[in-house]
Amino acid sequence: KGAFSVPVGTWTRVGGGLSGERMRRQPQITGKYIQQVESACRQACYNAANATLAQMQGYHQQFTVLTQNIDGFHTDAGSRDVIEIHGNLHELYCTVCEVGRKVSSYAGLNIPPACADCGGLLRPRVVLFGEMLPEPAMDRLHRLLEDGVDLVLTIGTTSVFPYIAAPVLRAVHSGVPTVEINPSVTEVSDQVSHRLAGRAAEVLPALLERVQGHY
């Protein structure tokens, strides 16, 4: 068994919301909004919370990070087992021939970009509003929960999505310790074993330093 971390963020709403339907109807407009999100991510980098989670994996046989973030920062920080439940901005695929490619930046790409193989629309492999969650990511999550975990950390999320709250509530019902790190009260705050009110970038490094002597 391993530790299970849920550090998540919110898929930014711009232009009234990014939806799969809008992508199909207005790829040029939607592409510009997505480009703005990618540009903001590119100008940032992972923080102390991402780095600490990557450090924590060294103390566990298995340490899985489930994230709603689409910026790829957990992988950049060194986490090896990451479930990107909402996808990754830097993975593009053709909506016609489904050929995929990875890009480090959208700079220099036409918006919307066209597939070099068939000329079809390239779009990021991210979940837009109204779209289904990726089956491979959901399958990995279900297998992980079936195998069981020793600890669940829920970090920086309101837990309003059932698939994000589920690992926490399942652990609670199974008697598995749960820890919430969040400056705000959330949907699971009254359910977890321990609640640490604060920012993840501050709480996680302090927590790791405190418990390192017990590993």
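Modeller: Let us begin with the elements, where helices (H or I, at least four residues) and strands (E, at least two) are DSSP runs, numbered from the N terminus. This is a predicted model, in which local features need pLDDT of at least 70 and side-chain atom pairs count only at pLDDT 80 or more, while totals for chains, interfaces and linings use all residues. Residues are numbered from 1 along each chain as its sequence is written, and side-chain values use heavy atoms, with hydrogens and water left out.

The structure holds 1 cavity of 30 Å³ or more; on a 1 Å grid over the protein atoms alone, a cavity is a set of points where a 1.4 Å probe fits but cannot get out, a pocket is an open set with protein on both sides within 12 Å along at least five of seven lines, and lining residues have an atom within 4 Å of a point. The volume of the largest cavity is about 100 Å³, a volume being the space filled by probe spheres set on the points, which are joined across faces, edges and corners. A total of 15 residues line the largest cavity, and those closest to its centre are G31, Y106, P113, L122 and P124. Two elements, α2 (27-42) and β6 (122-126), each give at least two residues to this lining, and the largest share of it, 4 residues, belongs to α2. By type, the lining of the largest cavity consists of 12 nonpolar, 2 polar and 1 charged residues, where Ala, Val, Leu, Ile, Met, Phe, Trp, Tyr, Cys and Pro count as nonpolar, Asp, Glu, Lys and Arg as charged, and the others, Gly among them, as polar.

The strands β4 and β6 run antiparallel and are joined by 5 bridges, and two strands are said to pair if DSSP finds at least two bridges between them. P124, one of the residues closest to the centre of the largest cavity, is the bridge partner in β6 of L92. Strand β4 (residues 87-94) is largely enclosed by the rest of the structure, because 7 of its 8 residues are buried; buried means under 20% relative accessible area, exposed over 50%, and partly exposed in between (1.4 Å probe, protein chains only).

The lining of the second largest pocket divides into 10 nonpolar, 3 polar and 7 charged residues, whereas that of the largest cavity has 12 nonpolar and 1 charged.

Across the whole structure a search finds 8 salt bridges, each being a side-chain nitrogen of Lys or Arg within 4 Å of a carboxyl oxygen of Asp or Glu. One of them joins R123 to E131, with the closest N and O atoms 2.7 Å apart; R123 is buried, at 6% relative accessibility, while E131 is partly exposed, at 23%. Another salt bridge joins E146 and R170, whose closest N and O atoms are 3.1 Å apart. This pair links distant parts of the chain, because E146 sits in helix α5 (residues 135-147) and R170 in helix α6 (residues 162-174), 24 residues apart. Of these two partners, E146 is exposed, with a relative accessible area of 58%, and R170 is partly exposed, at 37%.
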